[in-house]
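Dear colleague,

Please find below the structure that I am handing over to you.

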Amino acid sequence: MDTIKKLSAKIRDVKDFPKPGIVFKDITPILSDSELCKEITRLMVDRYKSQNIDAIVGIESRGFLFGMLLAYELNIPFVPIRKAGKLPFRTIKHSYDLEYGSATMEIHEDAIEKGWNVIIHDDLLATGGTADAAAQLVNTLGGNVKGFSFLIDLTFLNGKEMLKKYTSHIEALISY
Ligand code: AMP
């Protein structure tokens, strides 16, 4: 079986989580399969290895999993973006609207050097609001968003539309 088919088979749909009407794409079964984790990482590494990327930015919390593996394999820094109040050093913040209310994401102010080319990674692209907030933080620090990398794209939510102002390189291993 090829990697994408194996990946698809390991994504578990959990209905009505975290609230009624949402089908949550649970990636934890992937993490139990170390061979599959290696294959997924290899696919992403092959995509970016010749692109002169300076850092991988991972979005809390599931973006840390393959984001860190990708950075490790590319021998480049991994930079976490977290929800407000979690990062210990000086940060810059960006708030964005959710369906109900708003959320704030943070990055350490010294995490990205001006002119760095970065890839933003998360497990899943839905409406694009979270990745958009991450891109704004990267831009504020003087980084260039060279691409977005997701395991999963819920295409019916049109997240790519929100992100295309940064780059046309918006990749997902699997789309629904
Ligand atoms: P959005 O900002 O709407 O693109 O939402 C993306 C963020 O929310 C990512 O960090 C995802 O991990 C999470 N997320 C949104 N919808 C789902 C879903 N159906 N299953 C799993 N995670 C989701």
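**Helix packing**

Helix H1 passes helix H3 in a left-handed crossing. The axes of H1 (residues 3-10) and H3 cross at roughly 125° and come within 10 Å. Angles of 65 to 115 degrees would count as roughly perpendicular and those over 145 as roughly antiparallel; H1 and H3 are therefore oblique to each other.

H3 (residues 34-48) and helix H4 (residues 63-74) meet at an angle of about 55°, and their axes are 9 Å apart. These two helices, H3 and H4, are therefore likewise oblique to each other. The crossing of H3 and H4 is right-handed, whereas that of H1 and H3 is left-handed.

**Confidence**

Please bear in mind that this is a predicted model. The mean pLDDT of the chain is 97, and 100% of its residues reach 70 or more. Among the elements of the chain, the lowest mean pLDDT, 96, belongs to strand E5 (residues 91-97). The highest, 99, is found for strand E3 (residues 55-59).

**The largest pocket**

The volume of the largest pocket is about 1200 Å³. Its lining is made up of 35 residues. Nearest the centre of this pocket lie Ile22, Leu124, Ala126, Thr127 and Thr130.

Which elements each supply at least two residues of the lining of the largest pocket? They are strand E2 (23-26), E5, strand E6 (102-108), strand E7 (117-125) and helix H5 (129-140). E7 provides the largest share, with 4 residues.

By class, the lining of the largest pocket has 21 nonpolar residues, together with 9 charged and 5 polar ones.

**Backbone features in the loops**

- Phe17 and Pro18 are joined by a cis peptide bond, with omega at about -5°. Pro18 belongs to the loop between strand E1 (12-15) and E2.
- A cis peptide bond also runs from Glu60 to Ser61, where omega is near -15°. Ser61 is located in the loop between E3 and H4.
- Asn52 is not a glycine, yet its phi is positive, at about 55°. This residue, Asn52, sits in the loop between H3 and E3.

With kind regards

Notes
Residues numbered from 1 in each chain as written. Predicted model: local features only at pLDDT ≥ 70, side-chain atom pairs only at ≥ 80, totals over all residues. Heavy atoms only, no water. pLDDT = per-residue confidence, 0-100. 1 Å grid on protein atoms, 1.4 Å probe; cavity = no way out; pocket = protein on both sides within 12 Å on 5 of 7 lines; lining within 4 Å. Points joined across faces, edges and corners; volume = space filled by probe spheres on them. Nonpolar A, V, L, I, M, F, W, Y, C, P; charged D, E, K, R; others polar. Axes fitted to C-alpha atoms, helices over the stretch in contact; angles between N-to-C directions. Parallel < 35°, antiparallel > 145°, perpendicular 65-115°, else oblique. Left-handed = near helix turned anticlockwise from the far one by under 90°.
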